Amino acid sequence: ARALNDAGMRAVVAHGIVDFPAPSVPDPTKNIEAVEIFIDNWQNRSARITPAVFAHAPYTCSPATYKKAKDLADRRNVRFFTHIAESRNEQDMIIDPQAATPIRHLSALHIMDGNCTCIHGIWIDEDDLAIFAESGAALVTCPQSSMKLASGIAPIQAMLDRAITVGLGTDGCASNNSLDMFREMDMLAKIQRQATGSASIMQAETVLQSATRAGAAAIGLPECGEISVGKKADMIILDTDTPRLTPFYNLDRLVHAASGSDVATVIIDGQIVMHERQIRSFDLEEVYHQVGRFSQRLGDTGSL
């Protein structure tokens, strides 16, 4: 949160919760307490950093922990996140399952509602889709991570057909090497078309909406995600004067050919943080230096 804030970025930062010792919370009996302290430290501290609650998954969090975590999120008016239905065998790993599928497990715990964002949502059936639609819960899909881990393909078109809010994410660097949202848009469209056998679904405008307006709504930032009166002044400017983007006919070129390296200017909360590919908010060379030092120490000692 400090690094994002110092860099001038906007972010929803969710503190993780698991039922076993972790580096930031060595005593798991204090996992909820630690997250509330985190919320205390960051709620209303910065206009750009929003704290949130992240109960990792039903195989790392007991039903009691899930309930406490969701209660904390609702009580403190912050967003609740969880990984769910990512792998084929997840149901067999759930701690004290309350229903027949991971989604129905969450529903039985009263987790699925308008303040819940589920990550992945790959192995879900028709009854699970109905729960999503009726509850108002959102989903963030991470197609490249799912492909790298061979997790499966989320039924995104079926969700969109039911007016479920679907945002687009990358997951973390442990399962996705690029973290490039342009590449992620391209993969989202292609993997859905491959899964359904239809080249007419997931058109560029739909995919772009998941990466922007719907994505912002899914993480609890409805005031972001589009350029319009009353919204936050968060935007990027692309340099389309490149061979791969010439000629630039329409959004199809943006979704299927652009990359993060095409972003020339970044404006966050009305402030220019990158201009003509030069970062203004921090010293990039110093970051390279520090990363080199950390990676060397990690390689030499096994720890930072």
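The model is predicted, so local features are given only at pLDDT of at least 70 and side-chain atom pairs only at pLDDT 80 or more, while totals for chains, interfaces and linings use all residues. Residues are numbered from 1 along each chain as its sequence is written, and side-chain values use heavy atoms, with hydrogens and water left out. The protein chain holds 13 helices and ten strands. Helices (H or I, at least four residues) and strands (E, at least two) are DSSP runs, numbered from the N terminus. The radius of gyration of the protein chain is 20 Å, close to the 19 Å that the globule rule gives for 304 residues, so the chain is as compact as a globular protein of that length. That radius is taken over C-alpha atoms, and the globule rule is 2.2 Å times the number of residues to the power 0.38.

**Whole chain**

- Along the principal axes, the C-alpha atoms of the protein chain fill a box of roughly 55 × 50 × 45 Å.
- Of the 304 residues in the protein chain, 43% are buried. Buried means under 20% relative accessible area, exposed means over 50%, and partly exposed lies in between (1.4 Å probe, protein chains only).
- Among contacts in the protein chain with a separation of 6 or more, 64% are between residues 24 or more positions apart. A contact means heavy atoms within 4.5 Å.
- The accessible surface of the protein chain comes to about 15,500 Å², and 53% of it belongs to carbon and sulfur atoms. These areas come from the Shrake-Rupley method with a 1.4 Å probe; for residues, only the protein chains shown count as cover.
- The protein chain has 27 positive and 37 negative charges, and their mean positions are 3 Å apart. Lys and Arg count as positive and Asp and Glu as negative, while His and the chain ends are not counted. Each charge is placed at NZ of Lys, CZ of Arg, CG of Asp or CD of Glu.

**Strands and pairing**

- Strands of a sheet pair through backbone hydrogen bonds, either parallel or antiparallel. Here, two strands are said to pair if DSSP finds at least two bridges between them.
- An open sheet is formed by four strands in the order β7-β8-β9-β10, with antiparallel pairing. Its edge strands are β7 (235–238) and β10 (278–279), each of which pairs on one side only.
- Strand β8 (residues 263–268) is joined to β7 by four bridges, and the two run antiparallel. Ile-236 has Val-266 of β8 as its bridge partner.
- Strand β1 (residues 11–17) pairs with β2 in the parallel sense over seven bridges. Val-13 has Pro-51 of β2 as its bridge partner.
- Strand β2 (residues 49–55) has six of its seven residues buried, so β2 is largely enclosed by the rest of the structure.

**Buried residues and their contacts**

- Gly-8 sits in the loop between α1 (2–6) and β1, and counts as buried at 11% relative accessibility. Beyond its neighbours within four places in sequence, Gly-8 is in contact with Arg-48, Ile-268, Val-273 and Ser-281. Gly-8 and Ser-145 are 137 residues apart along the chain, and their C-alpha atoms are separated by 27 Å.
- His-105 belongs to helix α5 (residues 102–108) and is buried at 0% relative accessibility. Not counting residues up to four places away in sequence, His-105 touches residues including Pro-58, Pro-63, Ile-94 and Asp-96.
- Thr-170 lies in the loop between β6 (166–168) and α9 (181–196), and its relative accessibility of 14% makes it buried. Leaving aside neighbours within four places in sequence, the contacts of Thr-170 include Cys-142, Ser-145, Asn-176 and Glu-184. Thr-170 and Pro-23 are 147 residues apart in sequence and 24 Å apart in space, C-alpha to C-alpha.

**Backbone features**

- Most residues other than glycine have a negative phi, and most peptide bonds are trans.
- The peptide bond from Thr-246 to Pro-247 is cis, with omega near 0 degrees. Pro-247 is in the loop between β7 and α12 (251–257).
- His-120, in strand β4 (residues 116–120), has a positive phi near 90 degrees. His-120 is buried, with a relative accessible area of 1%.
- Ala-163, in the loop between α8 (156–161) and β6, has a positive phi of about 60 degrees. Ala-163 counts as exposed at 68% relative accessibility.
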